[in-house]
Amino acid sequence: MKIKTAEFIISAVRKKDYPKDGLPEVVLIGRSNVGKSSLINTLVNRKGLAKTSSSPGKTRTINFYRINGEFFFVDLPGFGYAKVPQSVRLSWEKMIEEYLEGRAEVRCAVIVLDARRTPGDAETRLYRWLEGSGVPVITVITKTDKLSGNKLTKSLRDIKKALGIKDPVAFSAVKGHGKHILLKRLGEALGAG
């Protein structure tokens, strides 16, 4: 799959604000500061389309990006960020749950993990929930450029074992590693080859 056009459409917090054109959606889910915005920007070859920040917890809405006029990337708020009030975390969780449970347009979920962090209970629950929902999952492990060869190999092995997954995409927004593999898998998930 080749991405030719990408445009930000809307930031939504309620169902009534979601796009209503029925295009397929690829959902990006991950902890705060895991690199979802950098991942989007790398895939679309555009710096700044998705806003990045060194401070976790900045994405507080569901952001829709129309790609090639054919489907959406949907960037969900990062979960697990501890430095916001409990009430804010709960409102994000409710927003994410409402989106995932009620959105027929979802064709694929991209779970984004940090190569430097061992997945916890939240990630395990997310995988199990998605398995039960029947939504196909692609796992992307970001920030691979931050680890040396042996440490990266060990990290990938540990993440696969912890979550019971087989073939994650090792990705670096800095070096562009994994971009073509991920685009190919996304194309397959969307039926675009």
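In this predicted model, P136 lies in the loop that links α3 (121-133) to β6 (137-142). With a relative accessible area of 43%, P136 counts as partly exposed. The points below begin with the surroundings of this residue and then turn to the sheet, the helices and the aromatic rings.

**Around P136**
- Although P136 and C108 are 28 residues apart along the chain, their C-alpha atoms are separated by 5.0 Å.
- When neighbours within four places in sequence are left aside, P136 is in contact with R107, C108 and A109.

**The sheet**
- An open sheet with mixed pairing is formed by seven strands, which follow the order β1-β3-β4-β2-β5-β6-β7.
- At its edges are β1 (6-12) and β7 (169-170), each of which pairs on one side only.
- Strands β3 (residues 62-67) and β4 (residues 71-75) run antiparallel and are joined by five bridges, and within this region N63 has D75 of β4 as its bridge partner.

**Helices against the sheet**
- Helix α3 packs on the sheet, where it touches β2 (25-30), β5 (106-114) and β6, and the direction of α3 makes about 165° with that of β5.
- Helix α5 (residues 179-189) also packs on the sheet, touching β2, β4, β5, β6 and β7, while its direction makes about 165° with that of β6.

**Aromatic rings**
- Across the whole structure, a search finds six aromatic pairs, including the edge-to-face pair of F71 and F73, which is 5.5 Å centre to centre with 80° between the planes.
- Both F71 and F73 are buried.
- One aromatic cluster is formed by Y18, F64, F72 and Y99.

Technical notes:
Residues are numbered from 1 along each chain as its sequence is written. This is a predicted model: local features need pLDDT of at least 70, side-chain atom pairs count only at pLDDT 80 or more; totals for chains, interfaces and linings use all residues. Side-chain values use heavy atoms; hydrogens and water are left out. Rings of Phe, Tyr and Trp (its six-membered ring) pair if their centres lie within 6.5 Å; planes under 30 degrees apart count as stacked, over 60 as edge-to-face and the rest as tilted. Buried means under 20% relative accessible area, exposed over 50%, partly exposed in between (1.4 Å probe, protein chains only). Helices (H or I, at least four residues) and strands (E, at least two) are DSSP runs, numbered from the N terminus. Contact means heavy atoms within 4.5 Å. Two strands pair if DSSP finds at least two bridges between them. Axes are lines fitted to C-alpha atoms, for helices over the stretch in contact, and angles run from 0 to 180 degrees between N-to-C directions.
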